[in-house]
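Reader: I would like to learn how to read a structure. Please take me through one, feature by feature.

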Amino acid sequence: GLSLTESHTQFLSSANESKATTMDWFMAGTPKGPWSYRMGVNMLLTGGQTLYGQNSFGLDANLSHKLSDRQRLSFLMHSGRTTGYLPQNENYFLLSHEYQVYQNIALRTSYAWRKLHNSDPTLIAGAYRARGLDIELTFDFIP
């Protein structure tokens, strides 16, 4: 799949304007067997006369393995870089196990690791590392 969007905003009470172009490309599939995947690239390019312009580039990947009719193991990865206003680099990894308790109700256990690093030399706040174990009971209302 491919999505390309362009927007141009002019403000009535100001000479400032904002332009943005976004692109999202992905490839997804379920080959024969228990595996499924999704890989993608996304970009944001901004322009115009604004102090808050950002450009970003990101990579995403998701790999799932169906263990049984009620269980799935998944791995998710995201890596991205933002430049311009509030520049930063981000890396995120998630490993999860999902067990279908009953029809549209599932118990999901996941472990996530995230690192966010500011690239702006004038800022020292906002950068962090996080790790966490989550246990969720999910309800899917879509039949």
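Reader: What does the accessible surface of the chain come to, and what share belongs to carbon and sulfur atoms?

Author: This is a predicted model, in which local features need pLDDT of at least 70, side-chain atom pairs count only at pLDDT 80 or more, and totals for chains, interfaces and linings use all residues. Residues are numbered from 1 along each chain as its sequence is written, and side-chain values use heavy atoms, with hydrogens and water left out. Accessible areas come from the Shrake-Rupley method with a 1.4 Å probe, and for residues only the protein chains shown count as cover. Here the accessible surface is about 10400 Å², and 59% of that belongs to carbon and sulfur atoms.

Reader: How many helices and strands does the chain have?

Author: Helices (H or I, at least four residues) and strands (E, at least two) are DSSP runs, numbered from the N terminus. This chain has zero helices and eight strands.

Reader: Why is the chain said to be more spread out than a compact globule?

Author: The radius of gyration is taken over C-alpha atoms, and the globule rule is 2.2 Å times the number of residues to the power 0.38. For 143 residues the rule gives 15 Å, and the chain has 20 Å, well over that, so it is more spread out than a compact globule. Its C-alpha trace spans about 60 × 35 × 25 Å along the principal axes.

Reader: Which sense do strands β4 and β5 run in, and how many bridges join them?

Author: Two strands pair if DSSP finds at least two bridges between them. β4 (residues 54–66) and β5 (residues 71–84) run antiparallel, joined by 13 bridges. They form a hairpin with four residues between them. Phe-57 has Arg-81 in β5 as its bridge partner.

Reader: What does β5 form with β6?

Author: Those two form a hairpin with three residues between them, and Leu-86 in the turn has a positive phi of about 50°. β6 covers residues 88–102 and pairs with β5 in the antiparallel sense over 12 bridges. Ser-74 stands opposite Ser-96 in β6.

Reader: Is Ser-36 buried or exposed?

Author: Buried means under 20% relative accessible area, exposed over 50%, partly exposed in between (1.4 Å probe, protein chains only). Ser-36 counts as buried because its relative accessibility is 17%. Buried residues make up 16% of the 143 residues in the chain.

Reader: Where does Ser-36 lie, and which residues does Ser-36 touch?

Author: Ser-36 lies in strand β3 (residues 35–49). Contact means heavy atoms within 4.5 Å. Not counting residues up to four places away in sequence, Ser-36 touches several residues, including Gly-29, Asn-62 and Arg-72.
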